Structures are given as structure tokens and as C-alpha cells.
Amino acid sequence: MDTLRLCAAGLAVTLLLVLLRQWNPAFELPMKLSAAILFVGLLASLARPLVSYVKEMMGATAAAPYVEVLLRALGVAVLTETVGGICRECKEGAVASYLEIAGRLEILILCLPLMEEILECVKGLLAL
């Protein structure tokens, strides 16, 4: 049912944007930004049960830190991609590119502790 509501909202916003573009193009950008914020909120509410389920399933295992890093990296990727798309829609491709590069760097920084643990495991295996 949530997907149906999401698709209906997408069609309604698209129709409204087409009408606004013909009537008064000045309202198009604020409407696109409002729609993007609305959809990010809807997607976050859709993802909340999934995130809580994954955290619950992994909470008692040794993989919990890895799952937390994975979920944070996924959040950074989705957010930077969404905001980058908005920037591209506003004809600011350079800003979108820099933002996406910053998101990739943030993901790498999030993964540094995991890479350190992997290197320690490799060192331990090579010492055998």
C-alpha cells in the first residue's frame, strides 16, 4: 500500500509541476525542492522497519558493527545521490558532482575501521 501511495504522490507532483511550468515557471524550483523533501521523508519512513529489523537480527551477533557501518554508508549514498539529483535538476551539475565525491569520501572514512580490522586479520593469517 505504501508503494501505491508513493507512486500516486509521484504522479500528482509530476502533473502539478507540468501545470506550474506552463502557468508560472518561478514556482517550479520551490515545488521540486518540496517534492524531493517529501519523497525523502516517505522513503525514510519506508526504510525504518527494514533498518530496525536488520539491527534486531544482527544485534546479538559479532557482525553488528559491520551492519551499522553498512547502514550508515547506505544512508550517505542515498542522501548524496538524492541531493545530487536535485542539484542537477537545478542545472548545477558541478555542485552535484562535488557533493557525490564528498559522499564517496565519507563512505570511505566510515569504512576505515573495518579496513583496519581486515588488515589485522590478514596479518594474523600471514603470521601463521
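The protein holds four helices and zero strands, where helices (H or I, at least four residues) and strands (E, at least two) are DSSP runs numbered from the N terminus, and its elements run α-α-α-α from that end. With a radius of gyration of 20 Å, well over the 14 Å that the globule rule gives for 128 residues, the protein is more spread out than a compact globule; the radius is taken over C-alpha atoms, and the rule is 2.2 Å times the number of residues to the power 0.38. This is a predicted model, in which local features need pLDDT of at least 70 and side-chain atom pairs count only at pLDDT 80 or more, while totals for chains, interfaces and linings use all residues. Residues are numbered from 1 along each chain as its sequence is written, and side-chain values use heavy atoms, with hydrogens and water left out.

**Overall form**
- Along the principal axes, the C-alpha atoms fill a box of roughly 75 × 35 × 15 Å.
- Of the 128 residues, 16% are buried, that is, under 20% relative accessible area with a 1.4 Å probe, protein chains only.
- Among contacts (heavy atoms within 4.5 Å) with a separation of 6 or more, 47% come from residues 24 or more positions apart.

**Residue T80**
- T80 lies in helix α3, which covers residues 64-89, and is buried with a relative accessible area of 15%.
- The T80 side chain reaches the backbone oxygen of V76 at 2.9 Å, and a polar atom of that side chain lies 3.2 Å from the backbone oxygen of A77.
- Not counting residues up to four places away in sequence, T80 touches L99, E100 and G103.

Methods
Buried < 20%, exposed > 50% of the residue type's maximum accessible area, 1.4 Å probe, protein only. Polar contact = N/O pair within 3.5 Å; in protein donor to acceptor, adjacent residues only side chain to side chain.
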